[in-house]
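Here is a set of questions and answers for a reader new to this structure. Each answer works toward the value or name asked for.

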Amino acid sequence: MRIGQGFDVHIFGEGDHVVLGGVRVPHSRGVVAHSDGDVVIHALCDAIFGALALGDIGRHFPPSQEQWRNADSRIFLRHAARLMREQGYALGNADVTVICESPKVGPHAQAMREVVAEELGCDVDRISIKATTTEKLGFTGRGEGIAAQACVLLVMA
Ligand SMILES: [Zn+2]
């Protein structure tokens, strides 16, 4: 078995939605990012790369490369899943926590689980997506940005 963890943050900016777990979530702000700024998928990718000891998402998809501008982050997750399978692993389970005061994640969590499970080639019941606030403390509490952390367990396929 291999275990990995990931963390990602994006700052809020212009826009009317955020993308979380591959799902478009209406919001009063957007996020500033080179790609679509999907903190759920970015944290998950880093957790998988971490479990495989293959560096981080910036190494695999450098922000300096123009081709990743506004990229659909599902491409990144698909790549991580392919590397996982190439190394002989399958996803045991993944647990993601989104950290923000808003938008509300709960109503979209099931749709996010389904997207992530499809990209990782596993059953939905292996994917947990939950949310918390920071009680109005810190940058997430002040509504300046959104964060996510992820843990994954990889098992021999
Ligand atoms: Zn990110």
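Q: Are Asp 8 and His 10 buried or exposed?
A: The model is predicted, and the label rests on computed relative accessible area, with under 20% counting as buried. Asp 8 and His 10 both carry one label, and that label is buried.

Q: Which residues are the protein donors of the zinc ion?
A: The protein donor atoms lie 2.0 to 2.8 Å from the zinc ion. Their residues follow the spacing D-x1-H-x31-H in sequence.

Q: What is the arrangement of the four donor atoms around the zinc ion?
A: Four tetrahedral donors would ideally stand at angles of 109.5 degrees. To count as tetrahedral, all angles must lie between 85 and 135 degrees. The angles here run from 51 to 130°, so the arrangement is irregular.

Q: How many of the 13 residues of helix 1 are buried?
A: Helix 1 covers residues 39-51. Its buried residues include His 42, Leu 44, Ile 48 and Phe 49. Helix 1 is largely enclosed by the rest of the structure, because the number of its residues that are buried is twelve.

Q: How many disulfides does the count come to?
A: A disulfide is a covalent bond between the sulfur atoms of two cysteines. The cut-off for the pair of sulfur atoms is 2.5 Å. By this rule the count is zero.

Q: Which cysteine sulfur is nearest to that of Cys 45?
A: Cys 45 is in no disulfide. Cys 45 is also buried, because its relative accessibility is 0%. The nearest cysteine sulfur is 14 Å away and belongs to Cys 122.

Q: How far is the sulfur of Cys 100 from the closest cysteine sulfur?
A: Cys 100 counts as buried, at 5% relative accessibility. The closest cysteine sulfur is in Cys 151. The distance between them is too far for a bond, at 18 Å.

Q: Which strand does strand 1 join over ten bridges?
A: Strand 1 spans residues 2-13, and its partner spans residues 145-156. The two run antiparallel.

Q: Which residue in strand 7 is the bridge partner of Asp 95?
A: Strand 5, residues 89-99, pairs with strand 7 in the antiparallel sense over ten bridges. For Asp 95, the bridge partner in strand 7 is Cys 151.

Q: Which residue takes a positive phi in the hairpin of strand 2 and strand 3?
A: Strand 2 (residues 17-20) and strand 3 pair in the antiparallel sense over four bridges, and Leu 20 stands opposite Val 23. Strand 3 has Val 23 and Val 25 on its covered face, with Arg 24 and Pro 26 on the uncovered one. Two residues lie between the strands of the hairpin, and the positive phi, near 60°, belongs to Gly 21.

Q: What is the phi of Ala 53?
A: Most residues other than glycine have a negative phi. Ala 53 is in the loop between helix 1 and helix 2, and is exposed at 57% relative accessibility. Its phi is positive, near 55°.

Q: What is the phi of Lys 136?
A: Lys 136 lies in the loop between strand 6 and helix 5. Lys 136 is exposed, with a relative accessible area of 61%. Although Lys 136 is not a glycine, its phi is positive, at about 65°.

Q: What is the omega of the peptide bond from Ser 102 to Pro 103?
A: Most peptide bonds are trans. Pro 103 lies in the loop between strand 5 and helix 4. The bond from Ser 102 to Pro 103 is cis, with omega near 5°.

Note on methods: Residues are numbered from 1 along each chain as its sequence is written. This is a predicted model: local features need pLDDT of at least 70, side-chain atom pairs count only at pLDDT 80 or more; totals for chains, interfaces and linings use all residues. Side-chain values use heavy atoms; hydrogens and water are left out. Donors are N, O and S atoms within 2.8 Å of the metal (3.2 Å for Na, K and Ca); water is not among the atoms, so sites may look incomplete. Four donors count as tetrahedral if all angles lie between 85 and 135 degrees; four count as square planar and six as octahedral if opposite donors are over 155 degrees apart and all others between 65 and 115; anything else is irregular. Buried means under 20% relative accessible area, exposed over 50%, partly exposed in between (1.4 Å probe, protein chains only). Two strands pair if DSSP finds at least two bridges between them. The expected span of a helix is 1.5 Å times one less than its number of residues.
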